[in-house]
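Colleague: I would like to learn how to read a sheet and a core in a protein model. Could we go through one together, slowly?

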Amino acid sequence: MLARNGAPGDLDRLTQDLAQVTDAAGTVIPADAWRDDEALYLQFDLPGMDRAGIELVTERDTLTLTAERPSPIPAGARPVLTERPTGRFTRRLTLSDALDTASAEAAYDNGVLTLRIPLAAHAKPRRIAISGGSPRIPGGPVRQLPAPGGPRSGPAG
């Protein structure tokens, strides 16, 4: 669902994308992704980030997540220990054309950003009704198919 054609290999590429993308500081925004029959769901860990500093943008087939975490150390103070990454973080994912990004919804709660992107109508599974009779063939006459084991027309061989 995060690749263009929705083929089985696309989910493998998604997994690789999720595992390999890092920002300039070498920090990755951890993510999980799953889907059901209605939508694709993405969750990103963004602990300690203010919702106002998070931006989600879709353009063509790309989702871009940008978030910023300022340093908690006051200006002029001498850092003793700095293990938590600060600064601007970006994550880009390639989305499938089977997603309706115009109807996407996002929520941020307890440091986790959850994004729901519905499947486009053409990508949802659907049943095809089966009727009786002969199928119509565009541009041709409607033909009756011979019944199994029925009489055959034409010369006998």
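**Reading the sheet and the core**

Modeller: Gladly, and please keep in mind that this is a predicted model.

Colleague: Which strands pair with strand 2, and over how many bridges?

Modeller: Strand 1, residues 31-35, runs antiparallel to strand 2 and is joined to it by five bridges, while strand 7 also pairs with strand 2 in the antiparallel sense, over seven bridges. To see this residue by residue, look at R35, which stands opposite L40 in strand 2, and at Q43, which stands opposite T114 in strand 7.

Colleague: In what order do the strands of the open sheet lie?

Modeller: The order is 1-2-7-6, with antiparallel pairing among these four strands. Strand 1 and strand 6 (105-109) each have a single partner strand, so each stands at an edge with one side left without a neighbour in the sheet. From one strand to the next, the twist averages 15°. Strand 6 is paired with strand 7 through five bridges, and A107 has T114 as its bridge partner there.

Colleague: Is strand 2 mostly covered or mostly exposed?

Modeller: Strand 2 is mostly covered, with five of its seven residues buried.

Colleague: Which residues touch the most other members of the largest nonpolar core?

Modeller: That core has 19 residues, and those touching the most other members are L42, F44, L46, I54, L63, L65 and L113. Strands 2, 4, 5 and 7 each supply at least two of its residues. Beyond its neighbours within four places in sequence, I54 is in contact with several residues, including L46, L65 and L113.

Definitions and conventions. Residues numbered from 1 in each chain as written. Predicted model: local features only at pLDDT ≥ 70, side-chain atom pairs only at ≥ 80, totals over all residues. Heavy atoms only, no water. Core = buried A, V, L, I, M, F, W, Y, C linked by side-chain atoms within 4.5 Å. Buried < 20%, exposed > 50% of the residue type's maximum accessible area, 1.4 Å probe, protein only. Contact = heavy atoms within 4.5 Å. Pairing = 2+ DSSP bridges. Axes fitted to C-alpha atoms, helices over the stretch in contact; angles between N-to-C directions.
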